[in-house]
Structure formats: C-alpha cells, structure tokens
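Got the viewer open and a selection tool ready? Let's walk through this one stop by stop.

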Amino acid sequence: HAKSSILRNSTTTMGLTLTNAFMIHGVVGILFCLPVFTSGIGGFIATITNGKVTEPDMFTLHLAGVDFAKNMMIALQCYVGTKVNPEAQKLLAWTMVAMCAMVAPNLFIYPFAPLSECVPPLLYLTIVPTMYIVAITGSGKGKSS
C-alpha cells in the first residue's frame, strides 16, 4: 500500500515517475560499477581510458577509488529516492541533475579520450538528467497517476 501511494503521488509523464527514474538510475549506476568488481580499480581505469592508462600511479588509483565510492553512494541515494515522499523525491532528483551538470564539463576541460569515444559517459550525462527533468516537470500541479 505504501509503495502504490508513492507511485500514485509521484509526478508522472508518459508513465515515468520519479520512483521509476530513481530505479532506472540506480541500475545504470550499478552497471557503471561492475568493471571495478570484475577487474579492480586499475582495470577500470584501463577500460575508461581506452587502454591509455594501464599502470596508474597511487594518486590516480586513489581518485578512482573515491569515484567508485561516490558511484556506490549514488546507487544508495537512488534506493532512498524510491522510498521518500514526492517532495523529497523532487529535491533529490534535482541534486542528481546538478551532479550531471557539474560533471559534464570535465569531458571537455580534462578530456581522457576523443569525445567520440566517450559514449557511455555522454549517454549517462544526458539521459539521466533528462529523465529526472521529464519526471519532475512533465505533468501539471495536482495531476497524478
């Protein structure tokens, strides 16, 4: 009953609720973490740099480890986003949009590969915020499904 209440009260557009957006984002986030589980931080760095960095120094390993922890935190926040009320969902969703807006310029300021080779992060940084914005703004006030 509580879950159906959250879904019913969530802002909805074309069937996309904030609850659904958090679920999708959480799954995508975990998929981005899988290379760490399969090949370690060093293997993950080699993968995301298209083999340009195969022997990272300790500082690079440290930064990648912190990034991994951040990604796991985002997955946890996505879980929390499925459990809170619609007002809290909107606030949390806007923080996810802001994160993507703050991360995206790094692809241009500190490129690690040609942009054409950065398809996964480009997809993530465009689809994730768009999904949240559509779910937040898609239907009028007081409208629910």
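**First stop: the pocket**

The lining of the largest pocket divides into 21 nonpolar, seven polar and three charged residues (Ala, Val, Leu, Ile, Met, Phe, Trp, Tyr, Cys and Pro count as nonpolar, Asp, Glu, Lys and Arg as charged, and the others, Gly among them, as polar). A pocket here is an open set of points on a 1 Å grid over the protein atoms alone, where a 1.4 Å probe fits, with protein on both sides within 12 Å along at least five of seven lines; lining residues have an atom within 4 Å of a point.

Before you click further: this is a predicted model, where local features need pLDDT of at least 70, side-chain atom pairs count only at pLDDT 80 or more, and totals for chains, interfaces and linings use all residues. Residues are numbered from 1 along each chain as its sequence is written, and side-chain values use heavy atoms, with hydrogens and water left out.

Now select Phe44, Ile48, Asp67, Phe112 and Pro121: of the 31 lining residues, these lie nearest the pocket's centre. The space in there comes to about 1100 Å³, a volume being the space filled by probe spheres set on the points, which are joined across faces, edges and corners.

**Next: H2 and H6**

Select residues 18–48 for helix H2 and 119–137 for helix H6; both give two or more residues to the pocket lining. (Helices are DSSP runs of H or I, at least four residues, numbered from the N terminus.) Their axes come within 9 Å and cross at roughly 165°; axes are lines fitted to C-alpha atoms over the stretch in contact, and angles run from 0 to 180 degrees between N-to-C directions. That makes H2 roughly antiparallel to H6 (over 145 degrees). Show Phe22, His25 and Phe32 of H2 with Tyr124 and Met131 of H6, which are among the residues making the contact (heavy atoms within 4.5 Å). The tally for this contact is 13 nonpolar, one polar and no charged.

**Then: H4 against H6**

On the H4 side, look for Trp94 and Lys90, among others; on H6, Tyr132 and Pro129 are included. This contact has 14 nonpolar residues, no polar and one charged.

**Last stop: H3 and H4**

Which residues of H3 make the contact with H4? Select Ile74, Gln77, Cys78 and Gly81, then Gln89, Leu92, Met96 and Met99 on H4.

How values were computed. Angles under 35 degrees count as roughly parallel, over 145 as roughly antiparallel, 65 to 115 as roughly perpendicular and the rest as oblique.
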